[in-house]
Amino acid sequence: MANLTAAANPELVLEMEAMERTTPAHCDEWNRRHQQLLDNDKFLHEQMKNVFVNNAGAHNSIYRGKNLTNVYTVDEICDRIESGTFEDLYIGDYFDKSITTSLGGTETVRLILAGFDLYWNNGDTALTRHHAVVVPKDCFKTTAKMNDSNVTTGGYAGSKMHTTVLPIYEAALKNVLNNHIIAYRGLLTTSVSETGNSNAGAGYTGYANNWEWKDTNLRLMSEIQVYGSNVFSSSFYDTGEANIQFPLFRLAPDLKVAGLGHNGSRMWYWLSAVASAAAFANCNNNGNSNNNAAAGDGGVRPISCIYAKCRLRADI
């Protein structure tokens, strides 16, 4: 059986001869019209290739939200990241994994692609491996405190959340992601002045006053990464290199609101910024910016970066 083939250099034709009762019932009549449709398809495909390139910038600009769970394995997703083309990966695409921890037992985590190469060339040691930032759609199912008491001493880097809670989830995620988590250099707050005005506004006392570059695998998001601006952050130290809004929240701002556990009811969750000597910033369950005393029980929704391991040798 013969096949129709698109023309080598087709042009877009926006009119087609209508078939009438007197049109001969012959295959040539159908083939001529099918040829026009085939040529139009090729023309439009070539135009798309001319204006769209597979790279981080292009893929950071398109929200799709496709379920990749049964489309690609984690290794296959990371192979597409490693090349730097991010082929068939777009903002909002997601995949589900089951993790088990001592904090919450076994639970489903939906990991969403939040941005591509967002940390490229960042850090006191430049990150030069292609990567994707992933963020859970919802908080883990167990709440946690930033600290056991209402203090922010030691900043974010010294908090119980960062030093004790997140490493437990990190180990579980590394296991289900086949160790595709990459450590990058994050600029984290390390101390807080208990006196002086916070940038959070009138009535807030205490502010972050130092930072340090640290290896980072799993971390809480900054206010800017969620909202696109600072609200309760106590000083510039709270932002560091986490100073751009994730494409995920720019293109789909409704996703800043999260549940407690997979598809759970709305829950407020912690952010990394010190708000005062006694509180850290958070994103409320109704979507507004807020802060909470450090010993409060809030949702845990961290980010990490995934990549493809070097053949010679993983925000998630």
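The legends below describe a predicted model.

**Figure 1. The chain as a whole, with six helices and 13 strands.** The C-alpha trace of this predicted model spans about 90 × 45 × 40 Å along its principal axes. Its radius of gyration is 25 Å, whereas a compact globule of 316 residues would have a value near 20 Å. Of the 316 residues in the chain, 47% are buried. The chain exposes about 14,700 Å², and carbon and sulfur atoms supply 49% of that area. Among the side chains, 26 are positive and 32 are negative. The centres of these two sets of charges lie 5 Å apart.

Figure 2. In soluble globular proteins, nonpolar side chains tend to be buried together.

**Figure 3. Met161 and the residues that it touches.** Which residues does Met161 touch, not counting residues up to four places away in sequence? Its partners are Ala144, Lys145, Met146, Leu166, Pro167, Leu220, Trp270 and Val300.

**Figure 4. Lys145 in the loop between β3 and α4.** Lys145 has a relative accessible area of 29%, and it is therefore partly exposed. With residues up to four places away in sequence left out, Lys145 touches Met161, Trp270, Ala294, Ala295, Gly296 and Asp297. Lys145 and Asp88 are 57 residues apart in sequence, and their C-alpha atoms are 38 Å apart in space.

**Figure 5. Leu271 in strand β10.** This strand is formed by residues 269–274. Is Leu271 buried or exposed? Leu271 is buried, because its relative accessible area is 0% and buried means under 20%. Apart from residues up to four places away in sequence, Leu271 touches Met146, Leu220, Met221, Ser222, Glu223, Val226, Tyr227, Phe280, Ala281, Asn282 and Cys283. Leu271 and Asn290 are 19 residues apart in sequence and 9.7 Å apart in space, C-alpha to C-alpha.

**Figure 6. Asp88 and Asp117, two residues with a positive phi.** Asp88 lies in the loop between α3 (74–82) and β1. Although Asp88 is not a glycine, its phi is positive, at about 60°. Where does Asp117 lie? Asp117 lies in the loop between β2 and β3, the latter being residues 132–136. The phi of Asp117 is near 55°, again a positive value in a residue other than glycine. Asp117 counts as buried because its relative accessible area is 15%, and the cut-off for buried is under 20%.

**Figure 7. Ser102 in the loop between β1 and β2.** Strand β1 covers residues 94–101 and strand β2 covers residues 105–116. Why does Ser102 count as exposed? Its relative accessibility is 66%, and exposed means over 50%. Ser102 and Thr73 are 29 residues apart along the chain, and 26 Å separates their C-alpha atoms.

**Figure 8. Val71 in the loop between α2 and α3.** Helix α2 is made up of residues 56–59. Val71 has a relative accessibility of 38%, so it counts as partly exposed. Leaving aside neighbours within four places in sequence, Val71 is in contact with Lys66 and Glu76. Val71 and Ala281 are 210 residues apart along the chain, with their C-alpha atoms separated by 37 Å.

How values were computed: Residues are numbered from 1 along each chain as its sequence is written. This is a predicted model: local features need pLDDT of at least 70, side-chain atom pairs count only at pLDDT 80 or more; totals for chains, interfaces and linings use all residues. Side-chain values use heavy atoms; hydrogens and water are left out. Contact means heavy atoms within 4.5 Å. Helices (H or I, at least four residues) and strands (E, at least two) are DSSP runs, numbered from the N terminus. The radius of gyration is taken over C-alpha atoms; the globule rule is 2.2 Å times the number of residues to the power 0.38. Buried means under 20% relative accessible area, exposed over 50%, partly exposed in between (1.4 Å probe, protein chains only). Accessible areas come from the Shrake-Rupley method with a 1.4 Å probe; for residues, only the protein chains shown count as cover. Lys and Arg count as positive and Asp and Glu as negative; His and the chain ends are not counted. The place of a charge is taken as NZ of Lys, CZ of Arg, CG of Asp or CD of Glu.
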